[in-house]
Amino acid sequence: MERVLIVSGNPKAMQAFSELVVSCISAELYFAESCGEARRYLASQQFSIVIIVTPFPEEFGYDLANACLQTTAGVILVVKNELETDISHKLCEDGIFVFSVSMGKRMFSYALYLMLSLHHRLSGGTPQEMKLQNQIKEIRLVDRAKCLLIQYMQMTEQEAHRYIEKNAMDRRMTKREVAEGILKKFDL
């Protein structure tokens, strides 16, 4: 299920866009009445799509749309009809879809699917990044364990490396698990 954040200071607009979203996709909806509240959501959760219905009392909504670019969410910025062309030219390079009510339900549906596909493409690299981060953590743990073996067991670096590898093979464990055991043994 997709997670969609709708940001609007207007309750009627919020209701209208939530109905449009639900009519197009299966989504868990979140609502923010201000840009500040939306930023707090963005800092703590991941969203597939962020719909920003402008304007707001504290700001127009550009800065919030730009803040969304730090996430993998697709962004739809809803503006008044007369502003759509100018703003669209300014934000199209950033991958922000600018929508005006005059475009209609069909175009909104198109925008929704477009931003959803953008989100899926952007978030596709995430598992690879997580795998690399886990590998880096494992290397750091093993290196810390080797340093402890060198310091407390007077092993050379090669002996410490061989000790961890041999224990991992003999005990059918990962090098990370062996390293964690060494760290626990020396209370670190």
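Student: Which residues of α1 are buried?
Tutor: This is a predicted model. In it, the buried residues of α1 are A13, M14, F17, S18, V21 and C24.

Student: Where do they sit around the axis of α1?
Tutor: They are on the same side of α1, because they cover an arc of only 130 degrees around the axis.

Student: Why do residues three or four places apart point the same way?
Tutor: An α-helix has 3.6 residues a turn, so residues with that spacing point the same way.

Student: And which exposed residues does the face turned away carry?
Tutor: That face of α1 carries P11, K12 and V22, which are exposed.

Student: How far apart are the end C-alpha atoms of α1?
Tutor: They are 20 Å apart. Helix α1 has 14 residues, 11–24, and at 1.5 Å a residue it should span 20 Å, so the two values agree.

Student: What happens at the start of α1?
Tutor: N10 makes a contact there. One of its side-chain oxygens comes to within 2.9 Å of the backbone nitrogen of K12.

Student: New topic. How many aromatic pairs are there?
Tutor: The count is 7. One of them joins F17 and F99, and this pair is edge-to-face. The ring centres are 6.4 Å apart, with 85 degrees between the planes.

Student: Where in the chain are F17 and F99?
Tutor: F17 is in helix α1 and F99 is in strand β5. They are 82 residues apart, so the pair links distant parts of the chain.

Student: Are those two buried or exposed?
Tutor: F17 is buried, and F99 is buried too.

Student: Which residues form a cluster with F17?
Tutor: F99 and F108 do; with F17 they form one aromatic cluster.

Student: What about Y41 and F47?
Tutor: Their ring centres are 6.1 Å apart and their planes are at 85 degrees, so this pair is edge-to-face.

Student: What lies over the face of F47?
Tutor: R3 does, at 5.7 Å from the ring centre.

Student: What are most peptide bonds, cis or trans?
Tutor: Most are trans, and most residues other than glycine have a negative phi.

Student: What is phi for Q154?
Tutor: It is near 55 degrees, a positive value in a residue other than glycine. Q154 lies in the loop between α6 (126–153) and α7 (157–170). At 63% relative accessibility, Q154 counts as exposed.

Student: And R172?
Tutor: R172 also has a positive phi, near 55 degrees. R172 lies in the loop between α7 and α8 (175–185). With 78% relative accessibility, R172 counts as exposed.

Student: Last one. Where does S123 lie?
Tutor: S123 is in helix α5. It counts as partly exposed, at 22% relative accessibility. The C-alpha atoms of S123 and A73 are separated by 8.5 Å, and the two residues are 50 residues apart along the chain.

How values were computed. Residues numbered from 1 in each chain as written. Predicted model: local features only at pLDDT ≥ 70, side-chain atom pairs only at ≥ 80, totals over all residues. Heavy atoms only, no water. Helix = DSSP H or I, 4+ residues; strand = E, 2+ residues; numbered from the N terminus. Expected span 1.5 Å × (residues − 1). Buried < 20%, exposed > 50% of the residue type's maximum accessible area, 1.4 Å probe, protein only. Arc of directions from axis to C-beta. Polar contact = N/O pair within 3.5 Å; in protein donor to acceptor, adjacent residues only side chain to side chain. Phe/Tyr/Trp six-rings, centres within 6.5 Å; stacked < 30°, edge-to-face > 60°. Lys NZ or Arg CZ within 6 Å of the ring centre and 35° of its normal.
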